[in-house]
Amino acid sequence: MNEATTSAAAPVARLIDEFHKLPGIGPKSAQRLTYHLLRIPPEDALALAQAIIELKERTVLCSVCQNVTEDDPCAICRDDSRDRSMICVIEEPLDILAVERTRAFHGLYHVLHGVISPMDGIGPDDLKVNELLARLRGGAVHEVIMATNPNLEGEATSMYISRLLTPLGVRVTRLARGLPMGSDLEYADDVTLSRALENRQDV
Amino acid sequence: MYLRRLELAHFRNYEQQELPLAPGRVLFLGENAQGKTNLLEAAFLLASGRSDRSAGDADFIAWSQRDAALPFARVAGTVASDGMATATSAALPPDASGREDAAPPAAARGVERTVELTVVGRASARGELVASKRFKLNGVARRASEVIGAITAVLFTTDDMDLVKGSPAGRRRYLDVMLSQIDRAYLRALQRYTKVISQRNALLRRVQEGDARAGELTYWDEQLADAGARLFSRRAEAVVQLAAAAEGAYARLSFGVEPGAAGAAADAACSVRDERFLLTYLPRFADAWPAERIAATAAEAIAAALLTRLTDTRARDVAAGVTLVGPHRDDLAMTLGGEPAATFASRGQQRTAALALRLAEARLIFERSGERPLLLLDDVLSELDASRRAHVLASLDADQVLITSADGDRFDAAFVAGAQVWRVAGGTAARA
Ligand SMILES: [Zn+2]
């Protein structure tokens, strides 16, 4: 508890502390949000509180893809029009939204809920890896696309999973790394540029 | 190259400071703790992205900013070069096989380059200020690895004797700071290697405690071998060049002659032979892989051998909970007349050896990049006697030398007359 909260009324101080625990919220923002909530109509504040309660009470992880959902299985896993032979493996539920926005992928997803990072005490057993293996046992899946982030931990995770899947006879691919569309070659950073060269294609 | 302009905002004890600088000798004179060293530190940060003076980046932010909504410090520097020495064109992308070449930052080879570093602070959950660095090169936001080396610099400090008699970590830092400025692929491998070592060591401890399987090490072993081999290979290559430059610099500083000189300088040359300064690379790999073999082997083959070694010694690493081989445990050996310089040399010889190492660093940067680095001399001249000081000044081959000193009057008149002189007091520098 810092100086700003010790002099405030106890409920105010408590909410400031709760906000401060959230990612990206510093002490100043925590105070601003708290005093903002003090000023809004009670029904708006209750609506926010209710939304938070429902978030915890009315969501579960989809038993198929591990995405956060209200109904199990989730809407994507229930959708018969989706291609069940392809699974796109991602780190976090938010990544589904990113891929869905492209409208370029019509298969199913699998959410790992993290990446391998020994420094943070996270190993393969802490991720939804066994759930992925279980999904492949039926033999209906022909391709798994690894869409983890292109950093050390994302690649460690992708590599670990690829090695588990390859003996199962599933095709394992990963996202190509290249230049963002609409970007200027001159301003591309050279890691991206050299990756794009590695992943070059015939025209 | 020379620093044409240096600007500081909220950096350490400077609020707003602009310094238009001249090529040649620039003297910053003033009492201690007034901010002379901060100016050299700022220039060195722009070149290397590093400072050895602070525990965290938040230290760069002036106290006046601590309660600001967005506390920050900013340093910007513009270097100019005469263009004559621009030997290598680095604007080429890595070749199609994906191999990054050893060229300095792309598109950074104009006549003028401006590097800007902003250190942005924010309060952590525990209420203390934590900071992160953001770089711009010629006005465009870039990652650190693309900006480091756009300005090159060598920093001489009174702690440099630690290079000779201190721990191996200081000697590895010496190699890293130098090579990072002239070899972007080295810097990138170093950044990756550092992360891999942290992750692998954490995993070794988890395996030791039964929280992870040894098989999980495979990916980290491969990454370590790949990045580690690049570091081994480039260090081995550089130290050969560096050793030759350091030996010559030591002889010049001590005796005013080149090793192997004859005729009139024969007596001096004799002393040079008795006091030869030799620098050798000691890679922490395996007995079968001394520096010469590493230097003569392709990085891919070194990586394959390192991977085998990591696999063979895995049980030992697990037991120790740390990675026992690899460039993070490298060292440099230094001898004077065949004896270890750390234990047998006098203080004066050690000081000369340290200066020789810095001069060799400047030489290597010049040979590799085609441009003379900025030389930053932080208080090092005041501790030398008149004759060594003269030798040092005669040995400096640079377009610009920035020198701090607490005692300007001890410089002879001719030296001061040829220099641009600044007086530094209370976080302000003014032309004298
Ligand atoms: Zn689902």
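What follows is a conversation about a predicted model and the terms used for it.

Tutor: This is a predicted model, in which local features need pLDDT of at least 70, side-chain atom pairs count only at pLDDT 80 or more, and totals for chains, interfaces and linings use all residues. Residues are numbered from 1 along each chain as its sequence is written, chains are lettered from A and ligands numbered from 1 in the order in which they are written, and side-chain values use heavy atoms, with hydrogens and water left out.

Student: What makes Cys62(A), Cys65(A), Cys74(A) and Cys77(A) the protein donors of the zinc ion?

Tutor: Donors are N, O and S atoms within 2.8 Å of the metal (3.2 Å for Na, K and Ca); water is not among the atoms, so sites may look incomplete. Here the SG atoms of the four cysteines lie 2.2 to 2.4 Å from the zinc ion. They therefore count as donors. Their spacing in sequence is C-x2-C-x8-C-x2-C.

Student: Why is the arrangement around the zinc ion called tetrahedral?

Tutor: Four donors count as tetrahedral if all angles lie between 85 and 135 degrees; four count as square planar and six as octahedral if opposite donors are over 155 degrees apart and all others between 65 and 115; anything else is irregular. The four donor atoms subtend angles of 104 to 115°. The arrangement is therefore tetrahedral. The ideal angle for four tetrahedral donors is 109.5 degrees.

Student: How do you know whether Cys65(A) is buried or exposed?

Tutor: Buried means under 20% relative accessible area, exposed over 50%, partly exposed in between (1.4 Å probe, protein chains only). Cys65(A) has 2%, so Cys65(A) is buried. Cys74(A) has 4% and is buried too.

Student: Why does Pro93(A) count as partly exposed?

Tutor: Its relative accessibility is 21%, so Pro93(A) counts as partly exposed. Pro93(A) sits in helix α6 (residues 93-102) of chain A. Helices (H or I, at least four residues) and strands (E, at least two) are DSSP runs, numbered from the N terminus.

Student: Which residues does Pro93(A) contact, leaving aside its neighbours within four places in sequence?

Tutor: Contact means heavy atoms within 4.5 Å. On that basis Pro93(A) is in contact with Asn67(A), Val68(A), Val111(A) and His113(A).

Student: What makes β9 and β11 of chain B edge strands?

Tutor: The open sheet has the order β9-β10-β11 (chain B), with antiparallel pairing. β9 (277-282) and β11 (339-340) each have a single partner strand, so one side of each is left without a neighbour in the sheet. Six bridges join β9(B) to β10 (residues 331-336) of chain B. Within that pair, Thr280(B) stands opposite Ala333(B).

Student: Which strands stand at the edges of the six-strand sheet of chain B?

Tutor: That open sheet has the order β8-β12-β13-β3-β14-β15 (chain B), and its pairing is mixed. β8 (153-156) and β15 (428-431) stand at the edges, each with a single partner strand, so one side of each has no neighbour in the sheet. Strand β14 (residues 420-425) of chain B pairs with β15(B) over four bridges, in the antiparallel sense. Arg423(B) stands opposite Ala430(B) in β15(B).

Conventions
Pairing = 2+ DSSP bridges.
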